[in-house]
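This briefing covers selected local features of one protein model. Please have the sequence and the structure open while reading.

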Amino acid sequence: MKYIVLVGAPGAGKGTQAKLLEAEFGLPQVSTGDLFRYNLSRQTELGGLAKAYMDRGELVPDDVTISMVRERLSQADCANGGILDGFPRTLAQADALDKLLAEFAGSVNVVPYIKVEQDVLVKRLLRRAEIEGRTDDNQETIQNRMRVYFAQTTPLLDFYRAKGVLVEVNGDQPVEAVYQDLRTVIAAI
Ligand code: AMP
């Protein structure tokens with residue numbers, strides 16, 4: 001079982017890289033953002049609950065997010081692990097993930113941190129807004145997502161560093177070069 005947690009700011013390329021790695025390592029991408037967007041588009045109860053938070057660039061409450069991840073990681077295609085993208089985003093989520101994986105007799109094996117300069121991030125998010133038409137990729141929401149990231153998610157870097165699983169990857173490189181670095185990091189576990 002291998003659990004890989006991709007961390008990095010919004011726009012760092014976690015989703016792009018998770019999709020590339022999924023095929024290579026035969027582990028499914030588990031993206032909480034994608035799961036929320038899927039629920040939004042299907043107009044499920046969970047989608048309705050998440051919408052207001054997503055529109056503001058706030059985090060969906062931990063209990064809701066954690067139970068969604070529990071359900072997803074319990075599915076058959078995650079039997080060998082997964083590539084987590086966008087989860088955990090708070091220390092409470094990271095604790096919950098450790099407990100959940102312990103139930104599966106697993107643990108977080110490696111946490112590649114895709115590190116990107118901040119001005120590059122905002123430019124990327126604005127470009128993605130044009131291409132994908134994500135409603136939460138507007139200037140105001142982007143600013144808020146950055147604030148939320150720095151306040152709530154960056155403490156995870158020290159959390160995972162202390163566990164000895166954090167590995168920094170230079171995310172300012174072209175997609176292919178970042179991918180090659182990630183492959184090397186994951187192949188080593
Ligand atoms: P993302 O596609 O990962 O940028 O996520 C889009 C939005 O979904 C975020 O701005 C949050 O509102 C919500 N979201 C995604 N992952 C999480 C998470 N782990 N905890 C709370 N909210 C999340």
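A105 sits in the loop between α5 and β4 (108-115); helices (H or I, at least four residues) and strands (E, at least two) are DSSP runs, numbered from the N terminus. This is a predicted model, in which local features need pLDDT of at least 70 and side-chain atom pairs count only at pLDDT 80 or more, while totals for chains, interfaces and linings use all residues. Residues are numbered from 1 along each chain as its sequence is written, and side-chain values use heavy atoms, with hydrogens and water left out.

**Backbone features in loops**

- The phi angle of A105 is near 60°, a positive value in a residue other than glycine.
- With a relative accessible area of 66%, A105 is exposed (buried means under 20% relative accessible area, exposed over 50%, partly exposed in between, with a 1.4 Å probe and protein chains only).
- Q43, in the loop between α2 and α3 (45-56), also has a positive phi in a residue other than glycine, near 55°.
- Q43 counts as exposed because its relative accessibility is 71%.
- F87 and P88 are joined by a cis peptide bond with omega about -5°, and P88 lies in the loop between β3 (81-85) and α5 (91-103).

**Aromatic rings**

- The whole structure holds two aromatic pairs (rings of Phe, Tyr and Trp, the last by its six-membered ring, pair if their centres lie within 6.5 Å; planes under 30 degrees apart count as stacked, over 60 as edge-to-face and the rest as tilted).
- Y149 is buried at a relative accessible area of 7%, whereas F150 is partly exposed at 42%.
- F159 and Y160 have ring centres 5.0 Å apart and planes at 80°, so this pair is edge-to-face.
- Y160 is buried, its relative accessible area being 0%.
- R56 lies over the face of Y53, at 5.5 Å from the ring centre (a charge sits over a ring if NZ of Lys or CZ of Arg is within 6 Å of the ring centre and within 35 degrees of the ring normal).

**Packing of α2 and α4**

- Helix α2 (residues 32-41) and helix α4 (residues 62-73) have axes that come within 11 Å and cross at roughly 95° (axes are lines fitted to C-alpha atoms, for helices over the stretch in contact, and angles run from 0 to 180 degrees between N-to-C directions).
- The two helices are therefore roughly perpendicular (angles under 35 degrees count as roughly parallel, over 145 as roughly antiparallel, 65 to 115 as roughly perpendicular and the rest as oblique).
- From α2, T32, L35 and F36 meet T65, M68, V69 and R72 of α4 (contact means heavy atoms within 4.5 Å).

**Individual residues**

- Q17, in helix α1 (residues 14-25), is buried with a relative accessible area of 3%.
- Leaving out residues up to four places away in sequence, Q17 touches I114, V175, V178, Y179 and L182.
- A9 is in the loop between β1 (2-6) and α1 and is buried, at a relative accessible area of 6%.
- Residues up to four places away in sequence aside, A9 touches K14, L121 and Y149.
- T184, in helix α9 (residues 175-187), is exposed with a relative accessible area of 55%.
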